[in-house]
Amino acid sequence: MRPILEIENLSVRYTIGGGLLNGPANEVRAVEDVSFSIMPGETIGLVGESGCGKTSLGRAIVGLQRASSGVIRFAGETLDFGSNRQRVTSGLQMIFQNPYASLNPRMTVEQIVGEAIQIHRLAGNAADRREAVVRLLVSVGLDAQHAQRYPHEFSGGQRQRIGIARALAVKPRLLVCDEPVSALDVSVQAQIVNLLRDLQEAESLAYLFIAHDLGVVRHLSHRVLVMYLGRVVETGSSDQVCLTPRHPYTKALISAVPSLLPTHKTRVVLKGELPSPLNPPAGCPFHPRCPIAEARCRTELPLPREVGASHWVACHLAHRP
Amino acid sequence: MPLLEINDLTLEFGAVSESKRALDGVSLSIESGETMCLVGESGSGKSLTALSIAKLVPTPPARYVRGSILLEGRDVLTLPDRELHRLRGGLVSFVFQDPGASLNPVMPVGRQVMEVLELHRPKAATRAEVCRLLALVGIASPQERASSYPHQLSGGMQQRVMIAMALASNPKLLVADEPTTALDVTIQAQIMELLADLKQRLGMSILLITHNLGVAAALADRIVVMYAGQVVEMAPALALLSDPRHPYTRALMESAPELGVSTARLKAIPGSVPRLGAFPSGCRFHPRCSIAAPECASRDPSLEQWPDGRKVRCPFARKGDAV
Ligand SMILES: Nc1ncnc2c1ncn2[C@@H]1O[C@H](COP(=O)(O)OP(=O)(O)OP(=O)(O)O)[C@@H](O)[C@H]1O
Ligand SMILES: Nc1ncnc2c1ncn2[C@@H]1O[C@H](COP(=O)(O)OP(=O)(O)OP(=O)(O)O)[C@@H](O)[C@H]1O
Ligand code: SF4
Ligand SMILES: [Mg+2]
Ligand SMILES: [Mg+2]
């Protein structure tokens with residue numbers, strides 16, 4: 001089987017400032033030299049602190065943001081931002097964090113979900129389209145009666161279901177889910193997470209699941225990618241990353257997750273905060289906050305190396321227990 | 001005498017004829033030095049309860065129908081405005097979820113701390129005291145940082161400044177409404193550690209509102225669970241987390257995915273939180289409850305105190321039942 005998505009050496013940079021009032025232009029290095037692939041039906045969890053580049057990576061993959069360099073291949077075809085963009089990206093959809101802001105308040109649910117079907121000409125006539133919309137609503141746990149209502153008449157969890165129905169309308173093979181449950185109550189979160197699981201089994205969908213809640217990520221993902229300051233610092237199976245993390249940043253991240261019952265684990269509390277992607281530190285991007293950094297970490301960028309079966313870590317000292 | 005005692009607090013919105021009851025008979029007390037956590041889903045009335053402590057809910061549109069809030073024995077709801085002003089940010093101070101929205105964007109943060117001092121502790125309104133407070137909440141090089149504007153600080157540092165402002169008046173009660181919800185887990189851990197440390201060093205009482213049970217587990221002495229404007233369970237933190245009794249508390253805990261445990265499906269609570277004004281009859285949780293009996297739809301359960309001291313609003317959640 002070949003991967004549904006292959007990413008090679010992808011970088012995303014934004015230019016800010018420039019012009020008379022803003023001084024010299026600056027470059028934000030949001031995503032730096034990221035490579036990975038996703039198999040059909042697989043879920044990759046993507047975690048990391050706010051501002052580390054998760055959304056930028058997701059947007060680049062679905063073609064909402066132009067990559068500065070690198071290759072994105074979807075179902076074997078390279079996304080070139082030119083003529084094939086729409087055809088390639090129709091198999092790729094994104095659902096967004098904020099179920100309140102991402103739906104047009106003046107459109108009915110039928111119009112919202114039906115719009116994509118119309119754009120991609122996936123239904124013959126209006127009746128077919130209506131039928132397709134109802135089928136989609138049912139598949140996400142809503143029903144036909146909801147079709148004529150407006151977004152404000154729904155709860156947060158229901159709105160996220162509408163967002164998912166809209167994304168599913170074009171029969172995607174990969175869904176980029178950008179913090180789809182962060183704004184929801186835990187009880188409703190669980191409903192959406194279970195829904196995503198059921199849909200995956202039914203349609204063999206692949207997910208890139210972005211979240212800052214490691215519990216949810218662990219629950220849903222086959223593999224996990226940890227980003228820090230634009231770079232992937234650790235990848236492995238969900239168990240490898242969550243139970244036996246090897247990168248000092250991942251260790252701190254995992255130990256920071258509050259647990260329901262008192263545990264005897266010692267919490268690694270990181271000093272300081274994510275440095276600016278405007279001028280990333282030399283050497284290992286994590287060294288200014290790393291509790292075990294050595295001289296070499298300040299000058300030399302650590303390359304990913306395999307520390308266990310398909311478990312990769314970018315840290316000079318990863319071989320230490 | 002407890003520092004804070006809320007009795008039968010009942011709050012409504014809307015005209016009397018079609019009133020919507022947002023808080024219904026909420027009672028709780030906080031001892032001095034105690035940390036109490038208030039948990040529950042969105043819309044359950046956590047913030048309204050917390051804001052009421054300094055009568056910060058605008059009336060109208062809100063209306064207090066019954067109840068009292070005794071702070072050091074005096075009823076906040078009947079205090080004259082002048083005394084209320086002294087109270088706010090004095091004896092009790094508040095920290096809110098979004099530090100960006102609560103700080104003044106065009107004033108250096110040190111100046112903002114100074115303003116609180118001038119109002120509540122004029123004798124201590126010195127630059128040295130501002131720096132001491134900033135250092136207390138873990139801001140490095142407070143001398144220089146005092147002249148920073150909010151946008152020059154990260155979210156975690158802004159929240160530290162908010163906490164420094166809240167501490168400036170030497171409050172006896174710190175009310176923190178979702179202080180870490182807008183922050184990352186790593187920064188959340190820093191703020192939680194800070195609160196635990198301040199609690200130890202200053203002996204303050206803390207009322208912490210959160211929807212994250214893990215955060216509650218790390219800090220609380222006691223936990224109060226709210227649902228649809230009512231308290232449904234109240235118990236010492238360890239007892240509540242290791243042996244939740246109310247079906248809603250159990251469902252809430254089971255729906256949170258835990259890092260160390262992998263399960264095929266999360267136990268979602270079916271349905272959603274009822275909207276204000278549309279609370280179900282009988283037990284408000286009954287449409288979503290897994291053990292609901294037919295009578296739950298009609299009979300309003302009362303909050304009963306059990307022999308072990310915990311309080312539970314469900315006649316079917318007997319002590320010792322199989323979990
Ligand atoms: N359009 C833009 N122009 C300039 N800089 C941007 C733009 N979008 C994002 N950035 C910057 O790029 C970096 C990565 O941002 P991104 O939104 O990808 O992070 P993230 O990991 O999704 O964070 P969060 O968890 O807060 O959503 C940040 O420093 C951000 O400020
Ligand atoms: N000014 C107001 N007018 C009308 N209804 C209000 C007002 N303020 C709050 N409410 C309603 O009262 C109920 C309880 O609100 P509250 O803010 O206390 O909830 P909460 O438990 O803090 O929820 P969250 O977790 O979302 O912050 C909600 O249904 C809310 O919509
Ligand atoms: S009283 Fe009945 S409906 Fe309410 S929580 Fe208990 S069992 Fe469920
Ligand atoms: Mg993002
Ligand atoms: Mg609130």
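Reader: Which element gives the most to the shell around ligand 1?
Author: That would be α2(A), which contributes three residues to the shell. Keep in mind that this is a predicted model.

Reader: Thanks! Which residues come nearest to ligand 1?
Author: A:Ser50, A:Gly51, A:Lys54, A:Thr55 and A:Ser56 do, out of 14 residues around the ligand. By type, the shell has six nonpolar, five polar and three charged residues.

Reader: What does the side chain of A:Ser56 do there, and how far is it from an oxygen atom of ligand 1?
Author: A polar atom of that side chain sits 2.5 Å from an oxygen atom of ligand 1. A:Cys52 takes part through its backbone instead: an N or O atom there is 3.3 Å from a ligand oxygen. Then there is A:Tyr14, with a side-chain N or O atom 3.5 Å from a nitrogen atom of ligand 1.

Reader: How much of ligand 1 does the protein bury?
Author: The protein buries 63% of the 640 Å² that ligand 1 exposes when taken alone. Elements of chain A that supply two or more residues to its shell are β1 (5–16), β2 (26–38) and α2 (54–61).

Reader: Nice. On to ligand 2: which residues are closest?
Author: Here the closest are B:Ser42, B:Gly43, B:Lys46, B:Ser47 and B:Leu48, and 13 residues surround the ligand. Helix α1 of chain B, residues 46–52, provides the largest share of that shell with three residues.

Reader: How many charged residues are in the shell around ligand 3?
Author: There are no charged residues in that shell; it divides into 10 nonpolar and two polar. Among the residues around ligand 3 are B:Cys283, B:Cys289, B:Cys296 and B:Cys314, along with B:His246 and B:His286.

Reader: Switching topic: in what order do the strands of the open sheet in chain B run?
Author: The order is β2-β1-β4-β5, four strands with antiparallel pairing. At the edges are β2 (20–30) and β5 (74–75) of chain B, each pairing on one side only.

Reader: How many bridges join β1 and β2 of chain B?
Author: Seven, in the antiparallel sense, with β1 covering residues 4–13. If you want a spot to look at, B:Glu5 has B:Ser29 in β2(B) as its bridge partner.

Reader: Remind me, what do strands of a sheet pair through?
Author: Backbone hydrogen bonds, and the pairing can be parallel or antiparallel.

Reader: Last one: how is chain A divided into domains?
Author: Domain 1 takes in 5–91 + 172–313, and domain 2 is 104–169. The contact between these two domains of chain A involves 13 residues from domain 1 and 11 residues from domain 2.

Reader: And how far apart are their C-alpha centres?
Author: The C-alpha centres of domain 1 and domain 2 of chain A are 30 Å apart.

Notes
Residues numbered from 1 in each chain as written. Chains lettered and ligands numbered in written order. Predicted model: local features only at pLDDT ≥ 70, side-chain atom pairs only at ≥ 80, totals over all residues. Heavy atoms only, no water. Near = heavy atom within 4 Å. Polar contact = N/O pair within 3.5 Å; in protein donor to acceptor, adjacent residues only side chain to side chain. Areas by Shrake-Rupley, 256 points an atom, 1.4 Å probe, with all protein chains shown as cover. Nonpolar A, V, L, I, M, F, W, Y, C, P; charged D, E, K, R; others polar. Pairing = 2+ DSSP bridges. Domains from an automatic or database assignment. Contact = heavy atoms within 4.5 Å.
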